[in-house]
Number of protein chains: 2
Amino acid sequence: MRSTLMFNMFCMDTPGHVHQGAWRHPDNRIHEHNSLAFWLDMAKLLEGGKFDAIFFADAAGLYPKWHGSWDVIMGKAVQFPNGDPMALVSGLAAVTEHLSFVVTSSVLQHPPFSFARTASTLDHVTNGRFGWNIVTSFMENAALNVGLRMMTEHDERYRWADEYVEVAYKLWEHSWEDDALVVDREKGVYTDAAKVHLINHVGPRYTVPGPHLVPPSPQRTPALFQAGTSAAGRAFAARNAEGIFMIARSPRAAASAIAEIKSRATRFGRDADQMHFIQGLTFVVGSTEEEARRKEAELDEVIDGEAMVATFAGSIGLDLSTADPAEPLAELVKRLPGIRGSVQSLLDSLPPSSNPTVEDLARFNGRYWRVTGTPEQIADALEDWRVAGITGVNVMSMLTPGTYTDFIEQVAPELQRRGLMQREYLPGTLREKMFPGAGPRLPAPHPARRQPSAKPA
Amino acid sequence: MRSTLMFNMFCMDTPGHVHQGAWRHPDNRIHEHNSLAFWLDMAKLLEGGKFDAIFFADAAGLYPKWHGSWDVIMGKAVQFPNGDPMALVSGLAAVTEHLSFVVTSSVLQHPPFSFARTASTLDHVTNGRFGWNIVTSFMENAALNVGLRMMTEHDERYRWADEYVEVAYKLWEHSWEDDALVVDREKGVYTDAAKVHLINHVGPRYTVPGPHLVPPSPQRTPALFQAGTSAAGRAFAARNAEGIFMIARSPRAAASAIAEIKSRATRFGRDADQMHFIQGLTFVVGSTEEEARRKEAELDEVIDGEAMVATFAGSIGLDLSTADPAEPLAELVKRLPGIRGSVQSLLDSLPPSSNPTVEDLARFNGRYWRVTGTPEQIADALEDWRVAGITGVNVMSMLTPGTYTDFIEQVAPELQRRGLMQREYLPGTLREKMFPGAGPRLPAPHPARRQPSAKPA
């Protein structure tokens with residue numbers, strides 16, 4: 001494993017990704033998100049700052065209604081409107097050399113054959129700087145828009161995802177032999193047809209004969225990311241992901257989740273050291289702690305409590321639409337006992353005397369992943385995360401580009417001095433940058449590399 | 001209508017698009033098609049040469065088998081391997097300012113909701129330089145790979161395409177009102193939720209509530225292209241397309257097809273002058289006719305007759321797999337009377353004494369769209385096409401970039417002198433460049449603009 005942490009910009013092609021209301025801050029350029037120039041500026045900034053990647057979240061539908069309508073979701077820009085991040089990748093690749101692009105795509109959005117083809121094309125045009133964050137969509141509106149009558153039950157969604165990645169793996173890893181692409185002008189042979197195989201996948205949801213239309217790309221299978229926190233999600237991550245995105249509530253909580261996922265991965269036959277654990281954090285930096293606190297207060301002023309609650313509710317799949325943001329959380333849990341599991345750990349983290357409201361919860365939810373302080377204090381905090389087993393950070397934007405310019409100008413030098421952040425890029429593909437020396441392809445014990453049970457023709 | 005012809009590079013993200021075997025020519029760089037650098041070079045070359053667009057064909061599956069296998073299709077690179085052209089667009093947009101990108105996408109490949117979102121994102125990031133070539137795939141392998149058991153019957157495919165574009169139109173034109181995007185930092189209103197509508201589409205194949213996730217892009221609906229030649233295809237084109245791609249066998253044949261499509265368009269209530277008719281042609285240029293003929297002979301040496309036949313058979317959807325390339329066409333028509341309709345016009349164009357073979361047919365098929373000569377002779381030929389009503393040319397590559405460098409260096413100055421080709425780009429979006437003065441949006445009589453029957457919520 002590399003000794004430095006990975007640092008990624010964590011964002012979405014939308015004005016309101018995580019910190020709802022922050023688009024109102026006068027220094028925020030995120031409302032330019034439909035413009036390519038905006039993203040090209042970001043990519044160049046991040047590459048100059050030695051960030052590893054832009055990690056694009058996505059939401060292929062509307063968040064659940066809030067108080068019976070989408071007025072808050074739309075009006076306050078809760079992950080709406082939003083564009084397709086896959087469509088940005090080749091533009092960003094055109095102006096960078098080392099920065100990678102991890103894109104979220106849900107198994108809902110495209111047939112796996114079409115998605116695998118697009119992904120391989122992107123892995124080619126980025127010279128292997130492409131990653132896929134695999135998600136099963138939780139949003140009813142996203143499902144309805146692709147013609148599914150109702151959202152599939154949670155565990156069933158992971159069985160669906162299992163088959164989706166199985167199809168993609170067969171296309172990426174087993175359709176083309178390494179030397180199938182010949183390009184012999186003299187003999188007139190472009191592809192050795194005997195070395196390109198149908199995959200003949202037949203499963204409960206998909207029937208895909210193949211072959212894959214794209215010759216093997218630098219990584220074949222893009223670097224794989226996943227963010228599941230449920231039991232089914234962790235099992236899926238342990239089996240498939242090379243980078244696990246988590247928003248742990250503390251280094252201690254991270255350490256315990258990491259140990260569990262690593263132990264599952266080992267049981268799947270994988271090398272548990274070939275996994276990155278990437279914590280979502282954001283940073284407010286000052287040259288003194290006081291300055292940092294002042295900046296934080298300014299930012300908190302634009303954060304929108306109601307929109308945060310709506311996002312929180314939607315993101316954990318809870319119906320909180322009957323909740324008033326001012327309602328004490330203790331009352332809410334009495335009315336809706338089903339939510340206790342989801343909010344208990346938050347309740348535990350808050351001072352018992354505070355009698356927090358629903359809005360407090362959401363605001364708190366937006367605060368525990370925030371580190372405010374001097375570059376030294378931030379570096380100290382990151383040392384704690386590293387000791388807990390965290391190997392990367394998804395830096396969530398409050399201001400774009402402000403969150404990243406501050407980080408690159410003020411925090412990065414201290415991190416580099418301590419060996420926590422790279423000073424120069426490692427060579428090769430995203431996978432080689434994540435796991436130096438291991439080569440561009442998935443390691444052999446990964447399930448994608450195993451010969452599929454249905455013999456290819 | 002503009003007075004100059006449109007000129008587009010007509011190509012595909014594959015080594016063997018139209019002129020099979022040409023990849024073997026030592027000056028051909030098309031085998032670099034997986035590299036972004038290759039495409040960026042092409043885009044810059046074409047923009048320097050005042051081309052209007054890159055027009056990407058696509059084939060989301062394998063051509064039909066030939067003599068019982070895919071050995072010829074794969075071995076000789078008949079539109080295989082191939083990448084997803086949508087994935088290239090933002091990269092090409094990043095290094096150009098005026099060049100547009102027309103991309104073929106079949107109704108098979110993606111759910112219409114997902115496709116419409118990607119297309120809107122691309123229309124944003126290109127500043128309105130994006131066009132969609134609408135196709136219904138004819139290839140069984142493409143259908144099977146997205147889980148369809150058998151290819152749908154031809155006319156039914158157009159009914160399917162009708163519904164697919166209807167969904168896309170509702171999302172692009174009727175989901176967002178013009179002033180729905182507010183971005184008022186003071187009031188904290190990003191989107192006026194009252195002005196974003198569900199589309200509530202319910203049809204035989206698709207159920208899509210919406211809303212569209214992307215705010216209106218510069219053109220809203222990308223500039224629309226289509227290439228159907230059957231009766232159902234022409235009706236579809238007349239109703240929907242702003243640019244009709246055709247490979248007419250002569251200016252006279254073009255004139256008659258154009259008259260028919262214009263008359264149909266008028267019956268649909270459209271302005272028949274708001275349509276481009278774009279002929280597929282390729283050019284072999286010399287400073288003398290003799291030099292041009294010498295270059296042509298060199299090129300013909302690398303063209304692969306068998307691969308041309310396989311392409312021809314696949315592209316017209318005929319099963320010619322029992323045909324020997326050396327079989328006289330007259331015999332073949334006796335054995336397979338069903339193909340007479342498809343080959344009769346070709347037979348009519350060949351000298352009656354020639355007793356052509358299947359391979360002759362395919363080679364001829366690759367020759368009638370070729371203009372070989374001096375810049376003056378080529379300009380003369382283009383004048384004939386313009387008189388027939390052709391308003392644009394899809395320049396098919398024999399060599400990449402050679403076909404285009406020759407054209408730009410040698411032919412373009414003569415065309416510009418005669419007013420056949422633009423010297424400078426017109427301002428605005430692709431649609432405004434195609435139809436100066438008409439604005440970036442589809443004209444009101446276009447069916448996409450009509451209020452859909454199901455009232456949006």
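**Helix α1 of chain A**

I began with the buried residues of α1(A), where buried means under 20% relative accessible area, exposed over 50% and partly exposed in between, with a 1.4 Å probe and protein chains only. They are Leu36(A), Phe38(A), Trp39(A), Leu40(A), Met42(A), Ala43(A), Leu46(A) and Glu47(A). This is a predicted model, in which local features need pLDDT of at least 70, side-chain atom pairs count only at pLDDT 80 or more, and totals for chains, interfaces and linings use all residues. Residues are numbered from 1 along each chain as its sequence is written, chains are lettered from A and ligands numbered from 1 in the order written, and side-chain values use heavy atoms, with hydrogens and water left out.

I then looked up what covers these residues, taking contact as heavy atoms within 4.5 Å. From chain A the cover includes β1 (6-11), β2 (53-56), α3 (89-94) and α15 (402-417). From chain B it includes α3 (89-94) and α4 (112-125). Helices (H or I, at least four residues) and strands (E, at least two) are DSSP runs, numbered from the N terminus.

Lys50(A) sits in the loop between α1 and β2 of chain A. Its phi is positive, about 65°, although Lys50(A) is not a glycine. With a relative accessible area of 17%, Lys50(A) is buried.

**Helix α4 of chain B**

I found 14 of its 14 residues buried, so α4(B) is largely enclosed by the rest of the structure. From first C-alpha to last it reaches 20 Å, close to the 20 Å expected. Asn127(B) follows α4(B) and has a positive phi, near 55°.

**Chain A overall**

I noted 16 helices and 13 strands in chain A. The radius of gyration is taken over C-alpha atoms, and the globule rule is 2.2 Å times the number of residues to the power 0.38. Chain A comes to 22 Å, close to the 23 Å from the rule for 457 residues, so it is as compact as a globular protein of that length. Its C-alpha trace spans about 75 × 50 × 45 Å along the principal axes. Of the 457 residues, 62% count as buried.

**Cis peptide bonds**

I found a cis bond from Gly210(A) to Pro211(A), with omega near 0°. Pro211(A) lies in the loop between β8 (207-208) and β9 (223-226) of chain A. Another cis bond joins Thr400(B) and Pro401(B), with omega about 10°. Pro401(B) lies in the loop between β13 (392-396) and α15 (402-417) of chain B.

**Two strand valines in chain B**

I looked up Val284(B) in strand β11 (residues 276-285). At 2% relative accessibility, Val284(B) is buried. Its contacts, not counting residues up to four places away in sequence, include Leu299(B), Ile378(B) and Met398(B). Val284(B) and Met398(B) are 114 residues apart in sequence and 8.7 Å apart in space, C-alpha to C-alpha.

Val183(B) is in strand β5 (residues 181-184). Although not a glycine, Val183(B) has a positive phi of about 50°. I have Val183(B) down as partly exposed, with a relative accessible area of 28%.

Conventions:
The expected span of a helix is 1.5 Å times one less than its number of residues.
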